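Please walk me through this structure, covering a pocket and then the strands and helix of the fold.

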Amino acid sequence: YTGTLLKDGTAFDCSRAKGVPFSFTLGAGAVIRGWELGLASMSLGERAKLTVRASAGYGRKGFEDRQRASGSGVIPPDADLLFDVELLDINHRRGVATEARLAAYRGRLDARA
């Protein structure tokens with residue numbers, strides 16, 4: 001992925017530049033809500049641009065991690081974000097998300113919030 005600020009295109013992090021894909025478990029709360037929803041609708045091998053509003057990203061707090069980031073490492077408070085993502089693996093199997101499955105998944109995320 002490459003993460004940029006929607007406002008001005010400043011890159012705050014890029015797993016491609018690090019040469020290591022970012023890995024996480026969908027639904028475990030390890031990533032922002034915008035990724036949870038956006039990646040759940042993708043197919044294996046698909047590349048997409050996810051626009052994530054601040055409310056589904058880092059919100060009023062923003063985020064900073066200059067040490068581990070390949071970009072600025074800074075996401076200001078209330079920043080809308082743009083991610084260029086590619087889904088490389090789904091637990092070694094292909095998955096197809098239907099609208100009904102996505103709606104149910106959104107409901108589970110909303111219940112946790």
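The second largest pocket holds about 520 Å³ of space. A pocket here is an open set of points on a 1 Å grid over the protein atoms alone, where a 1.4 Å probe fits, with protein on both sides within 12 Å along at least five of seven lines; lining residues have an atom within 4 Å of a point. The volume is the space filled by probe spheres set on the points, which are joined across faces, edges and corners. The lining has 21 residues, and Tyr-1, Asp-13, Phe-22, Tyr-58 and Phe-63 lie closest to the centre. E2, helix H1 (15–18) and strand E5 (74–75) each give two or more residues to this lining; helices (H or I, at least four residues) and strands (E, at least two) are DSSP runs, numbered from the N terminus.

This is a predicted model, in which local features need pLDDT of at least 70 and side-chain atom pairs count only at pLDDT 80 or more, while totals for chains, interfaces and linings use all residues. Residues are numbered from 1 along each chain as its sequence is written, and side-chain values use heavy atoms, with hydrogens and water left out.

Turning to the sheet, four strands form an open, antiparallel arrangement in the order E2-E1-E6-E3; two strands pair if DSSP finds at least two bridges between them. Strand E2 (11–14) and strand E3 (47–52) are the edges, each pairing on one side only. Six bridges join E3 to the antiparallel strand E6 (residues 81–86). Thr-51 stands opposite Leu-82 in E6.
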